[in-house]
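Please read this short report alongside the model. It covers charges, contacts, surface patches and backbone angles.

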Amino acid sequence: MNQDNPFKNWHERFAILVSFIVVSLSMLAHDGTDTATQQRRNIYIKYGFRVQRRNPTLFFVPSLYTIAKGQRHYLGETYGTLSGSQGKGNAHLNAQLITGNISHYRKIMPILTEFLTIKPYSPTLIGENILSPFHPDNHIFYRYKSNYISTTTRMLHYKPRIENTQLVSGTAIINDSTGTILSASLHGDYEMLKFNMMLELDNTRNTVTKIETNTDFSFFGNRIHSHFLSHANCPITLPDSINKRYPGNSTLMDTLRPVPLSAYEQDVYRMIDSISNRTYNDSTPQRNRTLHNLRNNAWDFIGDNLLSSIGMENDNSYIRLSPILNPFYFAYSPSNGLSYKMRAGAEYQFSERTSLGLNPLIGYNFKYKQFFFSAPLRYTFNKNHNTWVEYTWSNGNRITNSSVLKIIEHERMDTIDFSALGLDYFRDNSFKIAFNSGIGKHLNVNIATVYHRRSAMQRTLMQLLGKPDVYRSFAPSLTLTWMPSPHLPIFTANYERAIRNVFKSDMIYERWEFDASYSKKMRRLRMLSARIGGGFYTNRSTNYFVDFENFHATYLPDSWNDDWSGHFQLLNSEWYNASKYYVRSNVTYESPLMAVSHLPWIGKFTETERIYLNTLIIEHTQPPYMELGYGFSNKICSVALFTNLLNWNIKEVGCKFTMELFRHW
């Protein structure tokens with residue numbers, strides 16, 4: 001076979017086609033769960049970091065605080081067990097023994113552990129990222145050529161048709177008769193890392209037995225090289241009494257290590273021993289020792305609590321907190337301006353079915369100069385039936401009340417421009433208690449009571465005008481959710497009725513809302529999302545505060561995967577409270593390598609693209625209000641451009657932007 005030009009003759013093309021079909025059939029055949037991969041296996045992992053260049057900006061990279069100062073050479077080894085299906089990407093690592101100069105409770109580049117569960121037989125190699133060249137759904141993205149290296153094996157070469165971070169290049173050695181992968185090399189980009197990976201697979205069980213990865217990280221002049229090696233199916237099983245609470249036993253690790261250390265790694269270990277054995281002389285003043293310890297503890301506090309995510313967990317509980325100072329948690333939207341947010345979470349599990357959890361969200365909006373928060377505390381009675389009770393305190397629904405402003409202007413008949421005084425803006429503190437339970441597999445019932453205390457942002461002016469500066473409402477509600485099938489839409493119906501004179505409530509209303517949402521995952525990471533719904537008020541004793549559950553303004557826009565689909569991006573906050581009814585629809589189509597990906601220069605960094613179509617009908621829109629948008633996301637940021645149509649005329653154009661850098665670190 002002519003290796004230089006494998007497409008020279010028709011029979012050579014046919015041979016390559018047959019080879020790829022055999023590999024594809026093998027992928028499909030192993031797409032199910034292999035019982036062998038569910039067994040618990042012993043695994044050895046070695047990881048090293050070499051800081052080639054660094055500057056103060058490295059402190060702001062999550063998980064790299066540890067190597068942003070001090071030493072430049074780091075080495076660690078872990079021995080434990082791997083359970084679950086490694087080939088399907090859901091393997092769980094139980095680390096029993098840890099050695100090296102990386103603290104066992106700190107993690108450097110934890111994203112590297114995602115290379116541990118590489119999925120060559122799935123549509124994506126790492127999580128939902130990087131389209132696998134071995135899966136038949138992705139063949140349109142790659143060019144292939146092959147040649148025999150023996151009578152039973154074939155070398156398959158693959159490279160992307162277009163240069164993009166969602167695609168990889170490399171080679172694979174294939175068993176020609178079974179189509180199984182014996183070994184493979186992968187070269188590509190993933191989450192700010194350029195990687196070169198070598199895989200070895202067990203031909204009998206189709207599990208990855210060896211992974212060797214070299215990565216290079218570059219960021220604002222910082223350069224870090226890492227080496228990652230894992231060996232599965234190691235012969236020695238450690239007793240359960242040995243666990244990661246007893247790190248540093250290098251003598252025991254010497255007996256477990258399946259491959260010898262390199263000369264460089266031996267030098268790093270000698271350096272570690274030299275530093276750990278270094279002590280102060282007896283003549284060293286106690287003041288110097290104290291200052292040294294205080295300085296180290298202060299840097300540790302800064303790194304652990306300000307610049308890095310905080311997390312602790314055991315068998316029954318966990319606590320998580322996003323970094324307090326993280327420049328990549330900023331977001332911008334055309335309607336709400338710039339915002340910053342933090343997330344936290346804590347849960348204690350009493351049993352397999354009962355737990356207590358708290359998941360607050362805290363943020364600040366710079367346009368409105370206001371803090372927003374939501375603090376849901378949930379006690380779960382039965383996870384199998386989704387039975388729980390939850391108390392939520394929040395102020396995240398800043399609301400406008402144009403009816404109050406109209407009444408003031410009508411009564412006063414002054415030449416004062418009351419609209420410029422901000423009298424129609426109110427802060428909304430809400431308190432909600434909800435009980436939720438599933439009935440069977442398809443129906444979910446939620447019974448709740450919600451109390452709103454809406455206070456005017458210009459309270460003094462409201463009092464001078466003789467108007468109430470606080471409005472209260474108390475309302476029970478019932479929400480039914482019907483999930484007929486994973487392949488059909490989810491239907492929701494909500495009914496809420498306010499009751500007067502409960503906790504000083506002074507409003508009466510009755511509200512109905514209906515909603516249907518549908519999300520269809522398709523081949524090659526494509527997705528179609530659609531949402532349609534509507535709501536209306538009945539039995540209203542007042543026109544104050546039109547406040548729908550499924551149609552309201554949000555002031556802390558989130559990342560690409562959270563709220564970009566199914567929301568209006570250019571709609572002014574006053575429009576949400578200007579009508580007693582609404583009918584809305586939101587449709588989003590998402591696909592990798594759709595349009596911009598094929599352009600030079602910027603195309604290689606575009607991972608996922610979206611098209612948006614949003615439509616709204618309220619009292620004051622004839623014909624409907626519409627939003628059209630296009631967006632793309634990559635490892636650095638997510639950007640979308642929107643334009644809206646009112647009376648079939650373009651009203652404005654806006655851009656939404658969030659930082660995605662290191663979001664998965």
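The notes below start with the basis of the model and then go through its features.

## Basis

This is a predicted model, in which local features need pLDDT of at least 70 and side-chain atom pairs count only at pLDDT 80 or more, while totals for chains, interfaces and linings use all residues. Residues are numbered from 1 along each chain as its sequence is written, and side-chain values use heavy atoms, with hydrogens and water left out.

Helices (H or I, at least four residues) and strands (E, at least two) are DSSP runs numbered from the N terminus. Buried means under 20% relative accessible area, exposed means over 50%, and partly exposed lies in between (1.4 Å probe, protein chains only).

## Salt bridges

The structure holds 16 salt bridges. Each is a side-chain nitrogen of Lys or Arg within 4 Å of a carboxyl oxygen of Asp or Glu. One of them pairs R257 with E77, at 2.6 Å from N to O. This pair links distant parts of the chain, 180 residues apart. R257 sits in the loop between α2 (250-256) and α3 (263-277), and E77 is in strand β2 (residues 73-83). R257 counts as buried because its relative accessibility is 17%. E77 is also buried, at 0%.

A second bridge joins R531 and D515, at 3.1 Å from N to O. R531 belongs to strand β27 (residues 527-538) and D515 to strand β26 (residues 510-521), so the bridge ties together parts that are 16 residues apart in sequence. R531 is partly exposed, with a relative accessible area of 21%. D515 is buried, at 10%. Salt bridges that share partners also join E77, D254 and R257 into one network.

D189 and K194 form another salt bridge, with their closest N and O atoms 3.1 Å apart. D189 is buried at 18% relative accessibility. K194 is partly exposed, because its relative accessible area is 48%.

## Surface patches

Which residues gather in a patch of positive charge on the surface? They are R143, K145, K159 and R161. Patches are made of residues with over 30% relative accessible area and no salt bridge; like charges are joined within 9 Å, and nonpolar side chains (Val, Leu, Ile, Met, Phe, Trp, Tyr) within 5 Å. Lys and Arg count as positive and Asp and Glu as negative, while His and the chain ends are not counted. The place of a charge is taken as NZ of Lys, CZ of Arg, CG of Asp or CD of Glu. K145 is found in strand β6 (residues 142-148). Its relative accessible area is 31%, so K145 is partly exposed.

A nonpolar patch also lies on the surface, formed by F381, F435, I439, L443, I447, L478, L480, W482 and F491. Together these residues have about 800 Å² of accessible area, a value from the Shrake-Rupley method with a 1.4 Å probe, where for residues only the protein chains shown count as cover. The elements giving two or more residues to this patch are β22 (425-439), β23 (443-456) and β24 (470-482). The largest share, 3 residues, comes from β24. L478 lies in strand β24. At 37% relative accessibility, L478 is partly exposed.

## Buried positions

N222 lies in strand β12 (residues 222-232). Is N222 buried or exposed? N222 counts as buried because its relative accessibility is 0%. Its side chain reaches the backbone nitrogen of N55 at 2.7 Å. This is a polar contact: a pair of N or O atoms within 3.5 Å, where within protein one must be able to donate a hydrogen and the other to accept it, and residues adjacent in sequence count only if both atoms are side-chain atoms.

E265 lies in helix α3. E265 is buried, at 8% relative accessibility.

## Positive phi angles

I130 is a residue other than glycine with a positive phi, near 65 degrees. I130 lies in strand β5 (residues 129-131). It counts as buried because its relative accessibility is 1%.

N386 is not a glycine either, and its phi is positive at about 55 degrees. N386 lies in the loop between β19 (370-382) and β20 (387-394). At 36% relative accessibility, N386 is partly exposed.
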